[in-house]
Amino acid sequence: MHIEKIELKNFKSFSRKTEIPFVKGFNVISGPNGSGKSNIIDAILFCLGLSSSTKVLRAEKLTDLISLNSNGKEAEVSITFRSENEGENGKVEVKRRIKVTESGYYSYYYINSKPCSLADVKKFLEKAGVYEDTPNVIMQGDVTRIVEMSPYQRRKVIDDIAGISEFDEKKEKALQE
Ligand code: ATP
Ligand code: MG
């Protein structure tokens with residue numbers, strides 16, 4: 001399965017409806033500083049609910065994700081996935097919308113235009129091998145951070161990825177009992 005296209009409406013710097021096509025395999029997005037490359041990654045994390053906090057999306061609050069060059073009331077990101085072996089039926093569209101009203105802001109998820117919960121989106125992603133808390137996305141600065149870490153901190157990252165930390169924590173707990 002791969003991402004076939006991303007559609008942004010009023011998300012961050014994308015005040016006009018923007019469609020970004022992706023091919024199967026390796027894709028590169030290039031452009032000058034500040035042109036919105038990282039905002040596309042933020043859009044993916046936002047849409048799929050993969051960001052535990054708005055800090056990850058480089059925003060103070062969720063409503064900061066709405067383009068400043070719009071009416072500031074709503075933003076929407078949809079991602080179309082294509083599954084290779086299912087032909088035309090192999091398309092799934094995940095969409096997330098935020099809407100500001102007088103009583104606050106609301107966030108909605110949809111799968112193939114049907115309203116659903118974040119848990120449903122996660123279930124769909126797990127089928128494709130995308131789990132929360134796994135390093136599916138390496139953010140700008142992450143590599144530098146790893147390079148500059150102490151060997152002990154770096155070992156901790158590797159243990160986390162390999163799933164060893166979980167056992168270390170269990171061992172620690174058992175020793176305390
Ligand atoms: P770099 O090469 O420096 O990493 P980039 O292409 O990754 O740049 P982004 O960080 O994606 O750039 O885009 C930053 C731009 O997005 C800034 O100009 C910022 O003003 C704009 N931006 C962020 N949030 C909003 C918003 N809510 N409305 C309008 N513009 C926004
Ligand atoms: Mg960037």
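Predicted model: local features only at pLDDT ≥ 70, side-chain atom pairs only at ≥ 80, totals over all residues.
**Domains.** I began with the division of the chain. Domain 1 covers 2-130 and domain 2 covers 141-177. I then looked up the spacing of their centres, taken over C-alpha atoms, and found 30 Å.

**Sheet.** Next I traced the strand order. Six strands make an open sheet, and I read the order as β2-β1-β3-β4-β5-β6. The pairing is antiparallel. Which strands sit at the edges? I found β2 (18-21) and β6 (114-116), each pairing on one side only.

**The β5-β6 pair.** Strand β5 (residues 104-111) is joined to β6 by three bridges, and the two run antiparallel. I picked out one partner: Tyr 109 has Cys 116 in β6 as its bridge partner.

**Helices.** I went on to what lies across the strands. Helix α1 (residues 37-47) lies across β1 (2-9), β2, β3 (74-82) and β4 (91-101). I noted its angle to β3 as about 85 degrees. Helix α2 (residues 118-127) lies across β4, β5 and β6. For α2 the angle to β5 is about 35 degrees.

**Ligand 1.** Last, I listed the surroundings of ligand 1. How many residues surround it? I counted 16, the closest being Asn 33, Lys 37, Ser 38, Asn 39 and Leu 68.

Definitions and conventions. Residues numbered from 1 in each chain as written. Chains lettered and ligands numbered in written order. Pairing = 2+ DSSP bridges. Helix = DSSP H or I, 4+ residues; strand = E, 2+ residues; numbered from the N terminus. Contact = placed C-beta atoms within 7 Å. Axes fitted to C-alpha atoms, helices over the stretch in contact; angles between N-to-C directions. Near = placed C-beta within 6 Å. Domains from an automatic or database assignment.
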